[in-house]
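Open the model in your viewer and keep the selection panel at hand. The stops below are meant to be taken in order.

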Amino acid sequence: MNGFILTLDQSFLIDVAWQLLNTVILCGVLSFLLYKPVLKFMEKRRERIQNQLDTADEKLTDAGRLKAEYEKKLREINTEREEILSMARTRAAQREQEIISQAKKEAETLKNRAMTDIQREQEKAKDEMKKQIIEISSAMASRFIKASIDENQQKKLADEVISELGDVKWQN
Amino acid sequence: MDSGLDFNNHIIATFKLFGIDIRFTDTILNTWIIMAVLILFAIVVRIKLNKFKDVPETGFQNFIEAIVEAMDSFVSSNMGIKYKYFGNWFFGVFAFVLFSNLFGLLSFRAPTADLATTGALAFTTFILIHFMGIMTAKGSYFKAYLEPVPFLLPINIISEFATPVSLSFRLFGNILGGTIIMGLVYSLPAYVKVGIPAALHVYFDVFAGALQTFIFVMLSMAFIGDKIPEEMKN
Amino acid sequence: MESFELASLRAFVLGCSAIGAGIAMIAGVGPGIGQGYAAGKGCEAVGRQPEARGTIMSTMLLGAAVAETTGIYGLVIAIILLFANPLVDLIQK
């Protein structure tokens, strides 16, 4: 069989041209059928996953924002509750104070009234006593001086005596 | 050549086209086989791509994604993110060169053991280098040849042409060296051929083949990326 | 007579080509030293900065590949001399 390893002549150039054609065809076909579609597929997938990651990121930040918002709200609610509670407490204390003072006042008035009642009773009793004393003394006096002095004069006299006496003596 | 020592690139047929002799060699036949395999694979991938899930479920999808992703990051780290569309070209080159280098494992002649193949690949790199140079640098591309002093112009031009030559000869020499050594080993008496060729295949075809593929693609990228200004890469 | 002369000339050229191919492969010494040095430096770098292993490795491979170029040129010259000898074709004319 005839063969060669290396010739540097015209037919070598033709071989080069032939191999050039072969290589270009092969590379073109491989690029068209294999490399480009697979790269495109991977690129598309990468983009899709990137998109998903982006949306997930967005959602995460949204969720974080919402969480912060809710936490803020919760804190606000807590402080509000504290406020309300403390306000209620102070109001309750105030009310308590009020009630106590009112009760005290009432007790005071009651006591005062009772005192005045007692005084009035005393005065009444005094008057009564005066009257009785007057009666008794007038009765006694009438007994003593039945004949000499009439009743009116007697009463007047006894009144004078008793009021002079009473104003001084009944008051202690 | 009667001793079974045969590592030639055989001419299977020759035919005339427009008065020029065109030879149909082992290289071209093997290239076609590799092309057929790769294109079939690509078609399978294209059909299965419709069934790919977001989360890879099959090892096949994992594998495809891994190689495409590896190529993508390889290109963008070497040439910049803006120029990662070069991955379309280099993916094909990488697959072709790798399969060619590994083709020796099946006792075929590797297409890359022919200077025509590596020359064609290096020629495309050469074209891309200067195309990108003119596209990105515009006028200053030609001025670069007159630096540091105008009289170094011939040396600059020679060094530009040395790039594809060294690229093609590196791959060609490595794979042909492996092919020749394998041919020599296979022409030895039968009792030597037990086990030893396997180890040599692992070294020359798998290790050197994969390494040279990587180096070829990486150097091509480096040479092309070198012409792109650093600030235009992103 | 003429054909014998031609044949001996051919044999001479082929022999010299073979010697030349052998000498051309001496070029393999340089890349060997260079790549070994690069690998050693790569090991040092990895030892100093193990986290940058990937970058160091790819850079080292790139450098090693460039350093290999001269050796590959030698190999190509040797292959041309052995298998695609242009000098033998010159004689036949």
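Contact here means heavy atoms within 4.5 Å. This is a predicted model, in which local features need pLDDT of at least 70, side-chain atom pairs count only at pLDDT 80 or more, and totals for chains, interfaces and linings use all residues; side-chain values use heavy atoms, without hydrogens and water. Residues are numbered from 1 along each chain as its sequence is written, while chains are lettered from A and ligands numbered from 1 in the order in which they are written.

Select B:Phe90. Beyond its neighbours within four places in sequence, B:Phe90 is in contact with B:Met71, B:Met79, B:Val217, B:Ser220, B:Met221 and B:Ile224.

Next, select helix H7 (196-227) of chain B and helix H3 (53-83) of chain C; helices (H or I, at least four residues) are DSSP runs, numbered from the N terminus. Their axes, lines fitted to C-alpha atoms over the stretch in contact, come within 10 Å and cross at roughly 90 degrees. H7(B) and H3(C) are therefore roughly perpendicular to each other, a label for angles of 65 to 115 degrees, where angles run from 0 to 180 degrees between N-to-C directions.

Which residues of H7(B) meet H3(C)? On the H7(B) side they are B:Leu211, B:Gln212, B:Phe214, B:Ile215, B:Met218 and B:Leu219. They meet C:Ser58, C:Leu61, C:Leu62, C:Ala65, C:Val66 and C:Glu68 in H3(C).

Finally, colour chain B by pLDDT, the predictor's confidence in each residue, from 0 to 100. Chain B averages 84, and 97% of the residues score at least 70. Within chain B, H3(B) has the highest confidence, at 90.

Note on methods
Helices (H or I, at least four residues) and strands (E, at least two) are DSSP runs, numbered from the N terminus. Angles under 35 degrees count as roughly parallel, over 145 as roughly antiparallel, 65 to 115 as roughly perpendicular and the rest as oblique.
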